[in-house]
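Hi,

Here is the structure I promised to pass on to you. Have a look at it first, and then read my notes below.

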Amino acid sequence: MSREALLGRLAMVGRAMPRTPLVQLRHDRLNLFAKLEYVNPNGSSKDRSAFWILKRAVERGDITERTTIVESSSGNFAISLASFCRWVGLAFVPVIDPNVNASTEAYLRRLCDRVEKVTEPDATGGYLSTRLSRVEELRAELPSVYWPNQYANPDALEAHDQLTGAELCADLPGIDYLFVGVSTGGTIAGLSTRLKRLRPDAWVVAVDAEGSVIFGGPPARRRLPGLGSSIVPPLVGKASIDDVVIVPEVDAVRGCHELFERHGLYAGGSTGSVYSAIERYFADHRGPRPTVAFLCADRGTGYADTVYDPEWVARFVAQRDRGQSVALV
């Protein structure tokens, strides 16, 4: 298959990417807006970066028809790559870990001829370094490999500048605060680049998980995929960040339930963290209503057996709080 043929198929993928909706949520103190990235073809904001990274790599000649794509992912990025690689006819090997949602793993094993799952935690108690080590082994083992490296690839930043950020700033030009969950760093780097270029006084607030080391916190075990990291991703250094909120995972669960009960938004764990961060940040706010925006990064479907399952929540709270009762909703 020629480069032109690959680019033609990727152009079809691009045409299938919708302009995701921006909806206003009822709030007593804020003009609060959610950009529904879960409307993307594979249900998450990672469709943006996966599409753009593949497109740029094919344009440069880094990917040909004989290339195998190999990437470490806790879930959504792997889903996006698996779908798009199948669409255009490329081989993809995801490297996952035990924190992956069961439905995500089943999907990947159905769509990919080979799935690598690491089981040994790294020195921080997470699995990222172990996954990255397995990626390096696969790069040495397979004859022609492209590693998207979503943690450092500037194409991921460009994707969220040119696609997600461009849409958000066009639909909501008066943003005062933008809250963004941080994992690989590409989303916040791209969104903040676009926003600061158009509205330098806007405030960008990074949201991270307790137990993540991105902003200097001590490492600890994290059970929810999609937010936080056991390394400091290089792309975070390219983001314009004005403030940081660290959210315990129990608050992420609570945030998911509140978003669903109050607004009917069935979103994933990272979105629950961001919503919880917004509520905490503005808990004592009085005065003019600021315009606040955030992404619903993915649907809650992949969390039906965890975040939205009462029995799982009860076990999770018991483990985290050593038997103390915590009301989540």
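Predicted model: local features only at pLDDT ≥ 70, side-chain atom pairs only at ≥ 80, totals over all residues.

Let's start with Arg-134, which counts as buried because its relative accessibility is 18%. Buried stands for under 20% relative accessible area, exposed for over 50%, and partly exposed for whatever falls in between, using a 1.4 Å probe and protein chains only. Residues are numbered from 1 along each chain as its sequence is written, and side-chain values use heavy atoms, with hydrogens and water left out.

**Salt bridges**

Arg-134 pairs with Glu-141 through a salt bridge, at 3.9 Å from N to O. The term covers a side-chain nitrogen of Lys or Arg within 4 Å of a carboxyl oxygen of Asp or Glu.

How many salt bridges does a search of the whole structure find? The count is 26. One of them joins the side chains of Arg-29 and Glu-279, at 4.0 Å from N to O. Arg-29 sits in the loop between strand S1 (22-25) and strand S2 (31-36), and Glu-279 is in helix H9, so this pair ties together parts that are 250 residues apart in sequence. (Helices, H or I with at least four residues, and strands, E with at least two, are DSSP runs numbered from the N terminus.) Arg-29 is partly exposed, with 22% relative accessible area, while Glu-279 is buried at 17%.

Then there is Asp-251 with Arg-254, whose closest N and O atoms are 2.3 Å apart. These two are three residues apart in helix H8 (residues 249-263), so about one helical turn separates them. Asp-251 is buried, with a relative accessible area of 17%.

**Domains and cores**

The protein is divided into domain 1 (3-44 + 157-313) and domain 2 (47-146), with bounds that come from an automatic or database domain assignment. Taken over C-alpha atoms, the centres of domain 1 and domain 2 are 22 Å apart. Domain 1 puts 39 residues into the contact and domain 2 puts in 33 residues; contact here means heavy atoms within 4.5 Å.

Next, the largest nonpolar core: it has 55 residues, and Leu-54, Ile-63, Phe-92 and Leu-178 are those with the most contacts inside it. A nonpolar core is a set of buried Ala, Val, Leu, Ile, Met, Phe, Trp, Tyr and Cys residues joined through side-chain atoms within 4.5 Å. H3 supplies the largest share of this core, eight residues. Why does the core lie between domain 1 and domain 2? Because both domains give residues to it.

Leaving aside neighbours within four places in sequence, Phe-92 is in contact with residues including Ile-69, Leu-81, Cys-85 and Arg-114. Another core lies apart from the largest one and has 22 residues, among them Leu-32, Leu-36, Val-245 and Tyr-275.

**A few single residues**

Is Ser-270 buried or exposed? Ser-270 is buried, with a relative accessible area of 11%. Ser-270 lies in helix H9 (residues 269-281) and touches Gly-226, Leu-227, Ala-297 and Asp-298, not counting residues up to four places away in sequence.

Ala-304 is in the loop between strand S10 (291-296) and helix H10 (310-321), and is partly exposed at 32% relative accessible area. With residues up to four places away in sequence not counted, Ala-304 touches Tyr-266 and Asp-309.

Gly-89 belongs to the loop between helix H3 (76-88) and strand S4 (91-96), and at 40% relative accessibility it counts as partly exposed.

Lastly, Asn-149 has a positive phi of about 50° although it is not a glycine. You'll find Asn-149 in the loop between strand S6 (145-146) and helix H6 (154-171).

Cheers
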